Protein chains: 2
Amino acid sequence: MTFKVLAAAKAAALDKELMSTCGYSIDQLMELAGLSVAQSVFKAFPPSNYHNCIILCGPGNNGGDGLVAARHLKLFGYKDLKVYYPRPSSKPLFLNLEKQLQQFKIDVIKTDDEQFTQLKTQLHHSDLIVDALFGFSFHPPMRAPFDRIIEEMLKVQSEEGKKIIAVDIPSGWDVNEGPNNEQVADYQPEVLVSLTAPKPAALKLKKGSKHYWGGRFISNEIAERWGIEIPEYEGVDETVEIN
Amino acid sequence: MTFKVLAAAKAAALDKELMSTCGYSIDQLMELAGLSVAQSVFKAFPPSNYHNCIILCGPGNNGGDGLVAARHLKLFGYKDLKVYYPRPSSKPLFLNLEKQLQQFKIDVIKTDDEQFTQLKTQLHHSDLIVDALFGFSFHPPMRAPFDRIIEEMLKVQSEEGKKIIAVDIPSGWDVNEGPNNEQVADYQPEVLVSLTAPKPAALKLKKGSKHYWGGRFISNEIAERWGIEIPEYEGVDETVEIN
C-alpha cells in the first residue's frame with residue numbers, strides 16, 4: 001500500500017485547525033466522519049448479506065463517530081443494530097447523539113454485568129463489529145472494562161469469524177507503531193476506515209485487509225500544507241477504498 | 001406525481017421536534033440537508049458536463065443549506081463555484097460556514113452595486129444556479145434586493161437556458177399554494193430538492209421537472225407519526241428522485 005501518513009501529533013494539530021481557522025464544528029466533522037464509516041461498512045459488508053451489527057463505542061470522539069455511524073447504518077438498511085457504550089460521555093453533543101439513536105429505536109447498552117454476559121451475547125449474535133472504542137489519541141495500557149471488551153471482540157473474531165471494522169485506528173494500537181503491546185499484538189481488523197488521513201499505524205494493517213479513507217472535508221490547500229495526498233473519491237461518495 | 005406532502009405549519013413543527021426531542025443540532029441537519037442538495041445537483045447535472053455553478057443564498061436556514069451545498073459541490077468536482085450572499089447572517093453557525101468556504105477558495109459575494117452588475121456577470125457565466133434564497137417559512141411579498149435577484153435569475157433561465165435547482169421551495173412560492181403571486185408566477189425550476197418531506201407547493205412543479213427528496217435523517221417512528229411516506233433511497237445515497 002502506498003499512501004502518505006499523518007503522525008499522531010500532526011493529526012491532533014490538524015483536528016484543532018479544522019475546528020478553529022477552518023470553521024468546522026465538532027458536530028459537522030463527527031457527522032461526516034460517522035457517515036463515511038457507515039458508507040465504508042456498506043461497501044465492505046452490504047446489508048443484503050450482513051444484517052446484524054454491534055457498534056462498540058468508547059468514551060471519546062472515536063465513540064462519537066460510532067454513535068453517528070450507527071444511525072446511518074440503520075438508515076442504510078441494517079436491521080439489527082446494537083450499540084455497546086459502557087462509559088457514556090456526559091457532553092451535550094454525545095447525549096444528543098444518544099437521543100437520536102433512541103428515536104431510531106437502536107438499543108444502547110450502557111451497563112454490564114461483571115461477566116460481560118450481555119456483551120458476549122450481542123457479539124455472538126452479530127455478523128459485524130464496528131470498533132469505535134479508541135482513536136489516534138489513545139495511549140496504552142488499555143484499562144478496564146475496555147481490555148476485556150477487546151478480548152471478547154477478538155475471541156468472536158477468531159472463533160466465530162465475525163468481521164471487525166475499525167474506526168480510524170484499531171483500538172489499542174499505538175497510533176505511530178501499530179500493535180506494539182501485548183494486549184492487541186494479534187489484533188487485525190478486516191476493515192480499517194482511516195479518517196481525515198491514514199495514521200502511521202495503518203501501515204501495519206495486514207495484507208488482505210480492506211482499507212478505506214473517509215472524512216471528505218479537507219480542502220486542497222490544507223492537504224498540501226499538511227502533506228496529505230487526498231485520494232480520488234468516486235462521485236458523491238464520502239469514502240474510498242485505497243490499496 | 002404521487003407523494004404525501006407536509007403543510008407549512010407541520011413542517012415548522014417537525015423541524016422543532018427534530019431539534020428538541022430528537023436531539024439533532026442545526027449543524028447536523030444543515031450538513032445533511034446541504035449534502036443532499038449537492039448530491040441532487042450531481043445526479044441531475046454531473047460535473048463532467050456542467051462546470052460553473054452559482055449558489056444564491058438567502059439570509060436564513062435555506063441560505064445555510066446553500067452554503068453547505070457549495071462546499072460539497074466543490075469536493076464533488078465542480079471547478080468554478082460562486083456564492084452570492086447579499087444579506088449574510090451574523091449567527092456563529094453561518095459565519096463558520098463562510099469560513100469553511102474561504103478554506104476551499106470559494107468566492108462569496110456579499111455586496112453588490114445598484115445595477116446588480118456583478119450578479120448578472122456571474123449568472124451569465126454559470127451553467128447552474130442553486131436557488132437557496134428562501135424556504136418554507138417565506139411569506140410574500142419578496143423584498144429588495146431579492147425581488148431583483150429572482151428577476152435576474154429567471155431572465156438568464158429563459159434567455160440563456162441556465163438550469164435552476166431550487167432548495168426545498170422555489171424562492172417566492174407560497175409553501176402551500178405554489179407560484180400564486182405575480183413576482184414568481186412564471187418561475188419553474190428545472191430541479192426541486194424537497195428537504196425532510198415535500199411541501200404542498202411541490203405539487204405545482206410543472207411536468208418534466210425533476211424532483212428529488214433529500215434529508216435522510218427521519219426515523220420510521222417520526223415518519224409514521226407525521227404522515228410522511230419515506231421514499232426508497234438507493235444504497236448510501238442521501239437523496240432520491242421521486243416521480
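**View 1. The open sheet of chain A.** In this predicted model, eight strands line up as β3-β2-β1-β4-β5-β6-β7-β8 in an open sheet of chain A, with mixed pairing. Strands here are DSSP runs of E with at least two residues, helices are runs of H or I with at least four, and both are numbered from the N terminus; two strands pair if DSSP finds at least two bridges between them. β3 (107–109) and β8 (239–241) of chain A sit at the edges with a single partner strand each, so one side of each has no neighbour in the sheet. From one strand to the next, the twist averages 20 degrees (axes are lines fitted to C-alpha atoms, for helices over the stretch in contact, and angles run from 0 to 180 degrees between N-to-C directions).

View 2. β7 (residues 210–214) and β8 of chain A pair in the antiparallel sense over 3 bridges. Here A:Trp213 stands opposite A:Val240 of β8.

**View 3. Helices on the sheet.** Helix α2 (residues 26–44) of chain A packs on the sheet, with β4, β5, β6, β7 and β8 of chain A in contact (heavy atoms within 4.5 Å). Its direction makes about 155 degrees with that of β6. Helix α3 (residues 61–75) of chain A lies across β1, β2, β4, β5 and β6, at about 160 degrees to β1.

Residues are numbered from 1 along each chain as its sequence is written, and chains are lettered from A and ligands numbered from 1 in the order written. Local features need pLDDT of at least 70, side-chain atom pairs count only at pLDDT 80 or more, totals for chains, interfaces and linings use all residues, and side-chain values use heavy atoms, leaving out hydrogens and water.
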